[in-house]
Amino acid sequence: MKDKSTILPGLMLFACFMVLTVCSIGFDFAFSRIPSIGVIIVELLAFIPPAYCLYKAQDDTFQMNFRLERHTEKIPMYFGFTVKFALAVSFLSFLANVIVYVICGANDIDVSSMITTSGVGNQYGFISFLGIVILSPVVEEIFVRGALFSCFEREAGTVVSILLSGICFAMLHGSLFNFVGPLLAGCAYAFLVYMFDSIWPAILAHIINNCYYYIINYLIQLYSSFGIWKYFTYINVILFLLTLYLTLRSLESQIRLHRLRSLQPNRSTVPVAIRDCIVNPGFFIFISSFVVSIALK
């Protein structure tokens, strides 16, 4: 029989997903006059209570490592690598989503939908920036890479935990158009959390990603009449190749200086490790709600 270490993560994912889904449906009605404040409220409601529930559920048989320690002595070690790595992942995830849009025959690409909470629409300012660029990465990383990633590590090795973290993160975005990008980003953030044994590099990378989308969404809407979009994709390709090169150079230095942790092996085969993490009532409800949501759209 599954214990709460395998059932609770799925139930908390379901709770988070339902809050995001319900709020997205009623966002315009509830926060039409204050969309920026609405973003902050939705993020807090969706991610903090599930993370807190998992935290309070800990006992002698169920312990988690949120990795909230800052490790200030490690900041010079991971800051430069994280910035370059985050930029490369941001460009790659954007291009991946664009490819999905093109394959699916979509004519209009909604860049704002590539962020979990995009109800702010065309509203720009300090509060919207605070909600989307700063607050969202913090609360999402505490839940997904702090709580969930730790839960997955109890049942599986590092690689499986990173993969599951990315899949859950992508599913929380609630869209097949915006799935591959968050999947890549989610796996990348989990990699940072494990390698530096801290959630703060992932938060920094997530902030950079959201800031990137926030800025390009603003620029594309501001200069849409100039046809900036057709050039923007090519610019992203160039920037991705440049930051990928810089990231690989930085990664080489990290490996040479023995600063990266070794990946922990799976306790069993990969299929069995994945089964142990997701084959339970909690994840069944979460996955079912995601499929229903996609079908209704």
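This briefing describes side-chain contacts in the structure above, together with one of its helices. The model is a predicted one, and every value below is computed from it. A search of the whole structure finds four salt bridges, while the number of disulfides is zero and the number of aromatic pairs is 20.

**The salt-bridge network**

- Side chains that carry opposite charges can pair when their charged atoms come close.
- Arg-67 and Glu-153 form a salt bridge in which the closest N and O atoms are 3.0 Å apart. This pair links distant parts of the chain, since Arg-67 is in the loop between helix 2 (35-56) and helix 3 (75-103), whereas Glu-153 is in helix 4 (residues 126-155), and the two are 86 residues apart.
- Both Arg-67 and Glu-153 are buried, and for Arg-67 the relative accessible area is 4%, which is why this residue counts as buried under the 20% limit.
- Arg-67 also meets Asp-197 in a salt bridge, with 2.9 Å from N to O. Because Arg-67 lies in the loop between helix 2 and helix 3, and Asp-197 in the loop between helix 6 (180-196) and helix 7 (200-222), this pair ties together parts that are 130 residues apart in sequence.
- Asp-197 has a relative accessibility of 24% and therefore counts as partly exposed.
- Asp-197 has a salt bridge with Arg-261 as well, at 3.4 Å from N to O. Here too distant parts of the chain are linked, with Arg-261 in the loop between helix 8 (229-256) and helix 9 (270-278) and Asp-197 in the loop between helix 6 and helix 7, 64 residues apart.
- Arg-261 is partly exposed, its relative accessible area being 32%.

**Charges over rings**

- Arg-261 takes part in another kind of contact, as its charged end sits over the ring of Tyr-194, 4.1 Å from the centre of that ring.
- Arg-145 lies over the face of Phe-169, with a distance of 4.5 Å to the ring centre.

**Aromatic pairs and a cluster**

- Among the 20 aromatic pairs is that of Tyr-55 and Phe-66, whose ring centres are 6.1 Å apart and whose planes stand at 70°, so the pair is edge-to-face. Tyr-55 is in helix 2 and Phe-66 in the loop between helix 2 and helix 3, 11 residues apart.
- Within this pair, Tyr-55 is partly exposed with a relative accessible area of 46%, whereas Phe-66 is buried with a relative accessible area of 11%.
- Phe-85 and Phe-191 form a tilted aromatic pair, with 5.9 Å from centre to centre and 45° between the planes. Phe-85 lies in helix 3 and Phe-191 in helix 6, so this pair ties together parts that are 106 residues apart in sequence.
- Phe-85 is buried, with a relative accessible area of 14%, while Phe-191, at 21% relative accessibility, counts as partly exposed.
- One aromatic cluster is formed by Phe-17, Phe-152, Phe-179, Phe-283, Phe-286 and Phe-290.

**Cysteines without a disulfide**

- The structure holds zero disulfides, and Cys-53 accordingly is in none, the nearest cysteine sulfur being that of Cys-16, 12 Å away.
- Cys-53 counts as partly exposed, at 39% relative accessibility.
- The sulfur of Cys-151 is 9.4 Å from the closest cysteine sulfur, which belongs to Cys-277, and this is too far for a bond because the two atoms would have to lie within 2.5 Å.
- Cys-151 is buried, with a relative accessible area of 1%.

- The 17 residues of helix 6 should span 24 Å at 1.5 Å a residue, and its end C-alpha atoms are 25 Å apart, which agrees.
- Helix 6 is mostly covered, as 13 of its 17 residues are buried.

Technical notes: Residues are numbered from 1 along each chain as its sequence is written. This is a predicted model: local features need pLDDT of at least 70, side-chain atom pairs count only at pLDDT 80 or more; totals for chains, interfaces and linings use all residues. Side-chain values use heavy atoms; hydrogens and water are left out. A salt bridge is a side-chain nitrogen of Lys or Arg within 4 Å of a carboxyl oxygen of Asp or Glu. Helices (H or I, at least four residues) and strands (E, at least two) are DSSP runs, numbered from the N terminus. Buried means under 20% relative accessible area, exposed over 50%, partly exposed in between (1.4 Å probe, protein chains only). Rings of Phe, Tyr and Trp (its six-membered ring) pair if their centres lie within 6.5 Å; planes under 30 degrees apart count as stacked, over 60 as edge-to-face and the rest as tilted. A charge sits over a ring if NZ of Lys or CZ of Arg is within 6 Å of the ring centre and within 35 degrees of the ring normal. The expected span of a helix is 1.5 Å times one less than its number of residues.
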